[in-house]
Amino acid sequence: MTRRLFVIAGLTSLTGQAQAGATPYDLVAEKSRIAFNFKVSGSPQTGTVPVRTADIRVDIANLSASSADVTTDIRRAKAGVLFVTQALLSPSVLDAQNHPIVRFQSTKILLGSAGRISEGARIEGKLTLRGTTLPLVLNAQLTRPAGTAADDLSVLNINLTGALSRIRFGATGYPNLVEDQVDLDIFAEIRRRG
């Protein structure tokens, strides 16, 4: 999952107008999705899981001071085929019954070279999966919806991409069938609170 992170057209001209400090945004659940891609016997598979909670704060004047704390209920994860979903939720993979909550907490947002938003950025954080917490880096893009006025930051779209090793989190089941790497592809629409 490698995409540019935090690109907002005209954002640099707005930073002087923005209020100082991080502003809370609410997730628009029906317009957001967490997708994960993996291979079973070499065949690409896609799964999804809904967001349970999201505490997202965006500091327009200083994007590196923004933060995200997101949880999902992995018991609600689905893959395209029923038996793949059952295997995914099983004790040897996600162990959904014993570890139902997956959490990502950002720890640092790094903008592109010389701190330029237009040159991309990344979100560093901690992912807790199956009771194991490890670092995770996500690349992202932050935009306004099409047709939005240049000074309207009430609704933002976030695209995040990244990858993780399932084995490092203890999800070791079906090693001869399922590849280790899981790619993440996340889209979220957020609305400024209030």
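Predicted model: local features only at pLDDT ≥ 70, side-chain atom pairs only at ≥ 80, totals over all residues.
1. On the overall fold, the protein has two helices and 11 strands, where helices (H or I, at least four residues) and strands (E, at least two) are DSSP runs numbered from the N terminus. Along the sequence these elements follow the pattern α-β-β-β-β-β-β-α-β-β-β-β-β. Of the 194 residues in the protein, 46% are buried, a term that stands for under 20% relative accessible area, with exposed meaning over 50% and partly exposed the range in between (1.4 Å probe, protein chains only).

2. On strand pairing (at least two bridges found by DSSP between two strands), strand E4 (residues 51–58) pairs in the antiparallel sense with strand E1 (residues 23–27) over three bridges, and Tyr25 has Ile56 in E4 as its bridge partner. E4 also pairs in the antiparallel sense with strand E5 (residues 67–73), here over six bridges.

3. On charged contacts, a search of the whole structure finds eight salt bridges, each defined as a side-chain nitrogen of Lys or Arg within 4 Å of a carboxyl oxygen of Asp or Glu. One of them joins the side chains of Asp185 and Arg33 at 4.0 Å, N to O. Asp185 lies in strand E11 (residues 181–192) and Arg33 in strand E2 (residues 33–40), so this pair ties together parts that are 152 residues apart in sequence. Arg33 is partly exposed, its relative accessible area being 36%.

4. Arg122 pairs with Glu124, the closest N and O atoms lying 3.0 Å apart; Arg122 is partly exposed at 36% relative accessibility, whereas Glu124 counts as buried at 19%. Arg191 pairs with Glu189, with 3.1 Å between the closest N and O atoms; here Arg191 is partly exposed at 36%, while Glu189 is buried at 9%. Glu189 and Arg191 are also linked with Lys31 in a network of salt bridges.

5. On the largest pocket, the volume is about 890 Å³, taken as the space filled by probe spheres set on grid points that are joined across faces, edges and corners. A pocket is an open set of points, on a 1 Å grid over the protein atoms alone, where a 1.4 Å probe fits, with protein on both sides within 12 Å along at least five of seven lines, and lining residues have an atom within 4 Å of a point. Of the 49 lining residues, those closest to the centre of the largest pocket are Ile34, Phe36, Val49, Leu184 and Ile186. The lining divides into 40 nonpolar, five polar and four charged residues, with Ala, Val, Leu, Ile, Met, Phe, Trp, Tyr, Cys and Pro counted as nonpolar, Asp, Glu, Lys and Arg as charged, and the others, Gly among them, as polar.

Terms used
Residues numbered from 1 in each chain as written. Heavy atoms only, no water.
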